[in-house]
Amino acid sequence: GATPSIQNCLWTRWRRLAILPHMTATPRHLYIERRDTTRNMARFYALSIEPTLFGDVCLTRRWGRIGTRGQMRAMSFSHEEEALAQFAKIQRQKASRGYRECLT
């Protein structure tokens, strides 16, 4: 067989490092929407928590009008508990503003 390239070896090594012992086995994801036809409102909000290659935890937030690319912001945390707390806080805020999980 062919000898793997240095890039492939490094990528495999980084992928192994990204699976950290303090991370849960399943990354967390949430996709919610807020629709109000009387106000011509159709918005989405997406959250995900995933490990980074450098041992941190990344909380990624995406939001915007349904059907558009929207905006994105990523927040890095050194501990999963901090990311989970921020995830829960944002989820509560969005629920209080009328965002609901989609049943599609």
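Author: The model is a predicted one. R61 lies in strand 3, residues 57-65. This arginine is buried but forms no salt bridge, and E82, the nearest side chain of opposite charge, is 14 Å away. The R61 side chain does make a polar contact, at 3.0 Å, with the side chain of Y45.

Strand 2, residues 41-51, holds S48. Because its relative accessibility is 13%, S48 counts as buried. Between S48 and R61 there are 6.8 Å from C-alpha to C-alpha, and the two are 13 residues apart in sequence. Among the residues that S48 touches are R28, H29, C58 and F87.

Helix 2 itself comprises the 17 residues 80-96; at 1.5 Å a residue it should span 24 Å, and its end C-alpha atoms are 24 Å apart, in agreement. Its buried residues are E80, A83, F87, I90 and K94. Seen down the helix axis, these fall within an arc of 95°, so they line one face of helix 2. In general, an α-helix has 3.6 residues a turn, so residues three or four places apart point the same way. The buried residues of helix 2 pack against strand 1 (28-36), strand 2, strand 3 and strand 4 (71-77). On the other side of the helix, E81, R92 and S96 are exposed. After helix 2 comes G98, with a positive phi near 100°.

Note on methods. Residues are numbered from 1 along each chain as its sequence is written. This is a predicted model: local features need pLDDT of at least 70, side-chain atom pairs count only at pLDDT 80 or more; totals for chains, interfaces and linings use all residues. Side-chain values use heavy atoms; hydrogens and water are left out. Helices (H or I, at least four residues) and strands (E, at least two) are DSSP runs, numbered from the N terminus. Buried means under 20% relative accessible area, exposed over 50%, partly exposed in between (1.4 Å probe, protein chains only). Lys and Arg count as positive and Asp and Glu as negative; His and the chain ends are not counted. A salt bridge is a side-chain nitrogen of Lys or Arg within 4 Å of a carboxyl oxygen of Asp or Glu. A polar contact is a pair of N or O atoms within 3.5 Å; within protein, one must be able to donate a hydrogen and the other to accept it, and residues adjacent in sequence count only if both atoms are side-chain atoms. Contact means heavy atoms within 4.5 Å. The expected span of a helix is 1.5 Å times one less than its number of residues. The arc is that of the directions from the helix axis to the C-beta atoms.
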